Each structure stands twice: as structure tokens, then as C-alpha cells.
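Here are a few exercises to work through with the model open beside you. Take each task in turn, then compare your steps with the solution.

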Amino acid sequence: MDEYNLESDDFGTEKFHRIVFSTIYNLYQQGSKVIDFFAIDSYLSNYAEQYKVFNENDGANYIADAIEMCEPDNFNYNLMRMKKFSLMRFYESKGLDTKFLYNPDEISPRKYEEQQKQFDEYTIEQIIEVIEYTYVILPKDKFCIGQERNGGLAANGLRELKEQWKQAPEIGIPMQGAIVNTIARGARLKKLYLRSGATGTGKTRFMVADICSYSVPWIYDLDKKEWVYTGFSEPSLLITTELELSEIRSLILAYLSGVEEEHITEGTYVGDEEERVDKAIEFLESSPLYLEEVSDFNIEDIENLIKKYKKEFGVLYVGFDYIHTSVKLIMEIATISKGMKLREDQMLYIFAIRLKNICNKLGIHIDTSTQLNGEYKSAKDKDETLLRGSKAIADKIDLGIIMCQPSREELKAVEEILRHRFGKVPNMIYHFYKVRKGKLSKVKLWVYAELGICRFTELFLTDYNNELIQVERLTIENINAIVEEHSVNKDEVEDLENESTIFSLEPKGKYIF
């Protein structure tokens, strides 16, 4: 019964029906293998009031008739029909008139038959859409024209907008990596960013890192061997569709503390690692970072989840891992398309459209990802043609990155650059194939990725022909000052414990190149 989410409210206001359902449900929960009249009668005989109602309604014959008339093949049809009426009663209880959808008091046989036929054809989702259109969308369209439509002369408000851009350039809060921020111009609101890569390239890990950088204002600097205060504590939500929450939490701790994930999950700490992990947990406990695990989902589920977190917690930054099909998604799109069969690429494209619409509608930022198709290894240029399922997804994104390990040929092509640089050899390339409103696109960021701690070190930037590009790194003027003021070593961090419990919902500072 849990699978079908049945409740006593689904059985109307008739007390007898609700008692029968509750009895069957309780017997099932208690492990009864055979639920018949004798089991029901025996159970109810312990409750005088309910037993009286059962007998007054000739419960024995009712149960016998129900068993005889039962047709298991019609279960789903009858369940959905019952759920529809339960939904209608819910709306009526909230004061909404639903008789335009179904009026049990209709006296015209012809109109009643037409109404019955239409109601049978509606799905629950369509009923909700009709109610939403009637009581939400239609009134907003009629009475909130000024809010919904902002058309007019092209010059309207342009001088004010020009001054606004001077005071607050369109640059979002920092992601991991100064060159990444230069290219992407930070994590901007109303924008959809997409990472794509083969299995094992760290798509999820680096998304987790970015979400942490938005919402947790402390990170352990491995070079300085001290905790540094970043100043950013924006409410953020990470939605995972495949990894369990415990797996996401271990990634978060690895990123914040700089301790290898394997050391954390196996409890094999070295030196001060456990102390750093404990401190990371303390900082995390006072940070507005939220997690949700959704295994089977449709677009509506994701949209409602994001709306809920924005309304209740002020979330503006969302990570969704990752764009792919699910059983519920296929069923939802089949309903939207009126039964028309759509290919996987078409469904994923519809999904991307809805994610972008959510960004615009709610004024939020979304990071998401996809897998690559099998052609990525042999492709010279890494672009949207390598996206698994649908390259059309790239039409709706504002930033597109493909993450791949460098081939031997690519490493050979940058030998001269590597010869004049010291330190790490790149083990990952970020191919930026789309940057809407960006100065740099079709560029390759060569990095040294440390998957165990979800961090990477930026080494250098080239074009797609592997020619070096000199680029200024995006800096954040006031954050640099905050880091200097608040950075502490491990011996002093305990004294700042109270400071770390304060986080602001307002963006920090002005961003400059």
C-alpha cells in the first residue's frame, strides 16, 4: 500500500469506507498474509464504535461482494480514478469551486456524459494544471500585466540600466578557480551552467566544490596550512540523483578540509587530518548548504523542490546532478506530448528548456552536468556534439564545459609551454565550448585535478589550437582584504569559532578584473 500512497482521505467522507480501509491497512502493516472478512471482523471486534458502524453497513456482505467483484487488472485504473476524486475534494476543502471540471449534480444527461468522459481522460497532473491555470495563471495574466510583461520602447529605462551596470557589473559569486571565474564571470543568477565528461572525470566532485564555495565561508589552504575565510555564505542546494547523501557529505568534507576522501571514509587519518575534518564539520553546521536525494524524478519534482527551498530558505544557487532520463520523466513527457513518442534527445532537450526557465523565473543559478557519448576519445575539438543524449541541450545553457584527460598528442603539443613552467603536469583539460556574454570561448584550461579532495590547480590557458593565451585572473577586491584579515592558522582557528556561526544572505562585494 505504501507503494501507492493510499490514505483514508482517499475514501471520501463515508465513515464506513474509511474504517474498512484503515483496518485493511493496519492488518497489512502488522504482517497479515490473508486479509478476508474473518480477519477484518476479528480486528474490528476490539473497537466497539468502529465495529458498530461496520455491522450497521452490512460489512460482511460488503466484503464478500468486494472480493467477488475484484478485478486486479483494473486496479491502476480504479486507483487513479479514486485519486482524482480525492484531489477534487482537497480543492473543495480549500474553498475552490471545481464544478467546471466535474459536477456530480449536473441534471442534463448529455452534459453529464460529456463531463464524465472528459474527466476520465484527464490525468491527475492535467487536473492540477487546469486548476492552476484557472486560479493562478489566468488571474495573474489578467490582473498583473505590469509584473508579467515588460515590453515597450527599447530605450525605456536604459540610462538607469547603464548606471546600474557601472555600480554592479553582471558578475556572479566565485566558483573554484580564478581563471574559471574570468571565463565564466562567476556563478551568475538566471544562468544555467553545464559540465560534461566521461565517467570518472570528476563532474560531480567539482560541482560539489563549487556549491561549497558558494555557501561555506571557510576552506583549508594546503599551501599555507591554515583555514582561510572566503566571505561567501549564500544559501545553496545540491540535488543528487545517483549518489547517496553520505557519499555527497564525504566529498564536501574532503573539499573543505583538504583531506583525501578515502582517509575520511576509511577513518585512516594522518597527522592533523581528523582535526581538520572535525573543524570542517563545525563550519558546515553553521552554513546554509542543503542536500536532497531524488532517485526517480520528473521535471515537476525538481522544479517544486527548488521552489520549496527558495521560498523556505532563500536558496539562489542550485547544483543538479545530473540531466538524464528516468521512468517518471518519460511518463511526464509522454503526458505533456499527448502520447506522442519522443526520442531520448528530445526529452533531454525539453528537460534543459525547463531548467533554463526555472533559472529565469526564480532568478537563481543552476549548475548541472551530463555524460559524454562514445565519440569523445577520437574527437579533435571537444564541443556540444559530444553530449550524450542530445547536443541540443547546449542551445539552452549559458556556460558549457567538457572535461577530459589530455591525450598524448595534446600533451606533446604543449611541451614548449610545460618546459617553461614548473610544478604540476596537467591531468585534465576544461574545454569551454560555449560562454554566453563572455570574452573568452573555444578555449582550453589545463589543470591539475585532485579528485580525492575535489580540488584542481589552474596551470595555463590555450585556444583550441593549443596556443598559449595570457589572461588576467578575476579577483574580488574586498574578499582579498577579508582573507588577509580573517585567515588563521590551525592553532588560532578555535578562537574564531563563534565568528564562523554567522552567515549573511546578501552578496559580498564588488567584482573586478
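## Surface and cavities

Helix α7, residues 124-143, contains Tyr-135. Keep in mind that this is a predicted model.

**Exercise 1.** Decide whether Tyr-135 is buried, partly exposed or exposed, and find the nonpolar patch it belongs to.

*Solution.* Start with the cut-offs: buried means under 20% relative accessible area and exposed means over 50%. Tyr-135 has 33% relative accessibility, so it counts as partly exposed.

**Exercise 2.** Describe the largest cavity by its volume and its lining.

*Solution.* Begin with the count, which is 2 cavities of 30 Å³ or more. The largest has a volume of about 50 Å³. Now list its lining: Met-175, Gln-176, Val-180, Arg-195, Phe-206, Asp-210, Ile-401, Tyr-430 and Phe-456. Sorted by type, these residues are 6 nonpolar, 1 polar and 2 charged.

**Exercise 3.** Work out which strands supply the lining of the second largest cavity.

*Solution.* The second largest cavity holds about 40 Å³ of space. Its lining is made up of Met-175, Tyr-193, Leu-194, Arg-195, Asp-367, Thr-368, Leu-399 and Ile-401. β1 has the largest share, with 3 residues. To finish, sort the lining by type: 5 nonpolar, 1 polar and 2 charged.

Definitions and conventions: Residues numbered from 1 in each chain as written. Predicted model: local features only at pLDDT ≥ 70, side-chain atom pairs only at ≥ 80, totals over all residues. Heavy atoms only, no water. 1 Å grid on protein atoms, 1.4 Å probe; cavity = no way out; pocket = protein on both sides within 12 Å on 5 of 7 lines; lining within 4 Å. Points joined across faces, edges and corners; volume = space filled by probe spheres on them. Nonpolar A, V, L, I, M, F, W, Y, C, P; charged D, E, K, R; others polar. Helix = DSSP H or I, 4+ residues; strand = E, 2+ residues; numbered from the N terminus. Buried < 20%, exposed > 50% of the residue type's maximum accessible area, 1.4 Å probe, protein only.
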